Amino acid sequence: MKSKLQEIASFAYDCVMEVKNKSFEKDYLSHARKLPSMIVHNGLLTTCAFIRSKQNDDGWKKIEEHIKRYMKEIENKEVDSLVKFFSGLDLKEYRLYTRKVLYFAQWLKRVAEGELKYEEQAE
């Protein structure tokens, strides 16, 4: 039996391994690093709308897919559109899912930084 922490960490690891050695690996790492702070500063719904607007970027597209899979496999919620799902929640549920997705995003960031080895160049 796994704890919730182990379950989420394992799921995040599988998501990152799916991206390793893909052409958009560097973009995914960069986006995974930004995701937790985007959720904290802009809110979950705004962040999901932003991600949806970046569908021409494979890194963002994959992150959206991973959040949807997280909702399905860990939270048992089938979600076609993240924006539609989160905008339909009452405030209490929205805050709960914000915390849950933020926790997953933090694990995604940790695992991506450990497993995807690109260094961002200082500008």
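Okay, a quick definition before we start: a helix axis here is a line fitted to C-alpha atoms over the stretch in contact, and the angle between two axes runs from 0 to 180 degrees, taken between N-to-C directions. And keep in mind that this is a predicted model.

So, helix packing. Two packed helices are described by the angle between their axes and the distance between the axes. The pair I want to show you is H2, residues 25-42, and H6, residues 91-115. Their axes come within 9 Å, and they cross at roughly 150°. Anything over 145 counts as roughly antiparallel, so that is what H2 is relative to H6. As for handedness, H2 goes past H6 in a left-handed crossing.

Which residues meet there? From H2 we have Tyr28, Leu29, Ala32, Arg33, Leu35, Pro36, Ile39 and Val40. On the H6 side they meet Thr98, Val101, Leu102, Ala105, Gln106, Leu108, Lys109, Ala112 and Glu113. Sorted by class, this contact of H2 with H6 has 12 nonpolar residues, two polar and three charged.

Let me pick one of those, Lys109, which sits in helix H6. Is Lys109 buried, exposed or something in between? Its relative accessible area is 30%, so Lys109 is partly exposed. If you ignore the neighbours within four places in sequence, Lys109 touches Ala32, Arg33 and Pro36. There's also Tyr28: it is 81 residues away from Lys109 along the chain, yet the two C-alpha atoms are separated by 9.7 Å.

Right, on to the rings. Searching the whole structure turns up seven aromatic pairs. A pair of aromatic rings is described by the distance of the centres and the angle of the planes. Take Phe85 and Phe86: the ring centres are 5.3 Å apart and the planes are at 70°, so this one is edge-to-face.

Phe86 also pairs with Tyr97, and here the geometry is tilted, with 6.4 Å centre to centre and 50° between the planes. That pair links distant parts of the chain, since Phe86 is in helix H5, residues 82-87, while Tyr97 is in helix H6, 11 residues away. How buried is Phe86? The relative accessible area is 1%, so Phe86 counts as buried. Tyr97 is buried as well.

One last thing for the aromatics: Phe11, Tyr70 and Phe104 together form one cluster.

Note on methods:
Residues numbered from 1 in each chain as written. Predicted model: local features only at pLDDT ≥ 70, side-chain atom pairs only at ≥ 80, totals over all residues. Heavy atoms only, no water. Helix = DSSP H or I, 4+ residues; strand = E, 2+ residues; numbered from the N terminus. Parallel < 35°, antiparallel > 145°, perpendicular 65-115°, else oblique. Left-handed = near helix turned anticlockwise from the far one by under 90°. Contact = heavy atoms within 4.5 Å. Nonpolar A, V, L, I, M, F, W, Y, C, P; charged D, E, K, R; others polar. Phe/Tyr/Trp six-rings, centres within 6.5 Å; stacked < 30°, edge-to-face > 60°. Buried < 20%, exposed > 50% of the residue type's maximum accessible area, 1.4 Å probe, protein only.
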